[in-house]
2 protein chains.
Amino acid sequence: MKKIINSPDAFVDEVIDGLLLAHGASLVAASPDKRALVRAGSPDGTVGIVTGGGSGHLPLFLGYVGTGLCSGVAVGNVFSSPSAEQVLAATTASDSGRGVLYLYGNYGGDVFNFDLAADLADAEGIRTRTVVGTDDVASASRERAASRRGVAGIVFAYKIAGASASRGDDLDTVARIAQAAVDATGTMGVGLSPTILPAAGKPTFELPDGEMEIGIGLHGETGQSRGPLESADSITDQLVEHILDDREIAAGDRVAVLVNGLGATPLEELYVMYRRTNQILQERGISVHRAFVGEYATSLEMAGASISIIRLDDELTELLDAPASSPLVGRF
Amino acid sequence: MKKIINSPDAFVDEVIDGLLLAHGASLVAASPDKRALVRAGSPDGTVGIVTGGGSGHLPLFLGYVGTGLCSGVAVGNVFSSPSAEQVLAATTASDSGRGVLYLYGNYGGDVFNFDLAADLADAEGIRTRTVVGTDDVASASRERAASRRGVAGIVFAYKIAGASASRGDDLDTVARIAQAAVDATGTMGVGLSPTILPAAGKPTFELPDGEMEIGIGLHGETGQSRGPLESADSITDQLVEHILDDREIAAGDRVAVLVNGLGATPLEELYVMYRRTNQILQERGISVHRAFVGEYATSLEMAGASISIIRLDDELTELLDAPASSPLVGRF
């Protein structure tokens, strides 16, 4: 196991300690266990946005607490949901009396705990709304799109919903806009190697050297096909075409693109994938408003990448372009 | 080989194509082969700063062309120096008539080609000065500090020299300040797995699973010791103590810290290392002005990390804090 850690049990708490030591001017603990964190200065009169999920995906989820982004986060153990109490702590520390949007990826444990936290918040007089990220087009058919997993495309929703909250929109508007961002986004990934969980010390799945899994999930969930590793262009073609067909993105549309590294894949390779993505979009008459290339949602040290594409209307474009920054992701 | 590429021969050119497609508003090709790139709007009346080196280290070197940073870069093949002609193309496209600083890491091929480019620039009436990064404290003894390799600590020099050029300083001043930044910085790394070069298809060196190499270079150069993988705290202690002793950083000093991932090491683990770094500095009475944690200088998909520490005086602090941004690194 090639990990720079102390003990698996202490791992997440030590990560948070390091984060707070590095970025204490921007991020503040909102619970004694430090598993609920909020933006410094929160609540600030705007609608709160609370996200959360398992650890092991940095900069997701923690890294999207910032200006023009989320107000708070609940941090679970590696690949495990945070508790309802942790979500509630982030909620109460985020609420300005205008309510809180829960915006997180669609996984069973997270849905259970965020829903429970919503009940607890309601009992405290805090109104919540929930929008779950369901952008992984490989994880279920179009007919069952609402059951899809949430992956890197949630970054678009953070930026768009965060801008909506920042400009003073009310909770129902922020929720409507977040849902519009989720609905307009499709993501698909490719995995080249598994992840090793610190506590288990073993790979989360088996993938022989020289093979790839198209459609893999952010925790190594089974994709839609496995086979010998293909060229960057061939992989990119499969991912992009699937997303465009699924989200019905066609000539004349305007999009933003996110090419995301899953952990061990060099930034160089992501730019090779972006080059091909841009070529396909140009060939189809789809205009690229903006491109993001880097590690935005990882799976520890998994080798692989994902591509997310969002179809933009004028409102989503304006919100996507609003200034946003966080200590982990910078200004973007 | 777990790489998302097309052909090894086309790799670097396709990376650059992707970069220019994604960031064409900020980065501009300055030579027909696109291996010389400059900041959009260059030259702009300030002293130019040209860097460069082999590919495979993103965001180094390309990623540090930006506002308040370098004005231009020459891009070599993977782990290979750019040519003198490529350096010259970046130089002529960066020069406002006030001269150009060459600021790059200390490797034989790079020194040879930058020196040759300096002669060619001189023949064209462009004045240059050279400062080489020599921050890798493990690569040679203190007595031979000028022969050390340059690694991630050059990021401090980019930011500090870039701020000096941005405020209008002349070439001699920018060079003096860049040298002061280099002299104040020490870096030391740890490697947990080798890198595979796209063209060779084989690991650059052998490192058995479960072992680590302390003091490893950015291309897998031999470090100062190899042994069983230790805990994050033990590794961090060795790196930080060596740097502090070497750079004579002691109680009462003010520093900035950069914990850098070499490619495959999760951001989570870098924060565990930062946590311990901060603890050591606090214990020694050294104040941390600012911390940078992330991937700033990589070695393709190498697992491992490095720690850089710079001792700051008032001038270096002010320059380090000046605004800087680039499309690859963001605003930092």
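The dialogue below goes from the whole chain to single residues.

Tutor: First, the conventions. This is a predicted model, in which local features need pLDDT of at least 70 and side-chain atom pairs count only at pLDDT 80 or more, while totals for chains, interfaces and linings use all residues. Residues are numbered from 1 along each chain as its sequence is written, chains are lettered from A and ligands numbered from 1 in the order in which they are written, and side-chain values use heavy atoms, with hydrogens and water left out.

Student: How many helices and strands are in chain A?

Tutor: Helices (H or I, at least four residues) and strands (E, at least two) are DSSP runs, numbered from the N terminus. Chain A has eight helices and 14 strands.

Student: What does the radius of gyration of chain A agree with?

Tutor: The radius is taken over C-alpha atoms, and the globule rule is 2.2 Å times the number of residues to the power 0.38. For 332 residues a compact globule would have a value near 20 Å, and the 19 Å of chain A agrees with that. Along the principal axes, the C-alpha atoms of chain A fill a box of roughly 50 × 50 × 35 Å.

Student: What share of chain A is buried?

Tutor: Buried means under 20% relative accessible area, exposed over 50%, and partly exposed in between (1.4 Å probe, protein chains only). In chain A, 64% of the 332 residues are buried.

Student: Which residues touch the most other members of the largest nonpolar core?

Tutor: A nonpolar core is a set of buried Ala, Val, Leu, Ile, Met, Phe, Trp, Tyr and Cys residues joined through side-chain atoms within 4.5 Å. The largest has 205 residues, and Leu101(A), Leu103(A), Leu101(B) and Leu103(B) touch the most other members. Another core lies apart from it, with 17 residues, including Leu88(A) and Tyr102(A).

Student: Is Arg149(A) buried or exposed?

Tutor: Arg149(A) is buried, because its relative accessible area is 15%. Its place is the loop between β6 (128-133) and α4 (154-166) of chain A. Contact means heavy atoms within 4.5 Å. Leaving aside neighbours within four places in sequence, Arg149(A) has contacts that include Asp135(A), Asp136(A) and Glu221(A).

Student: Where is Pro194(B) found?

Tutor: Pro194(B) sits in the loop between β7 (185-191) and β8 (211-214) of chain B. Pro194(B) counts as buried, because its relative accessibility is 19%. With neighbours within four places in sequence left aside, its contacts include Phe205(B) and Met302(B).
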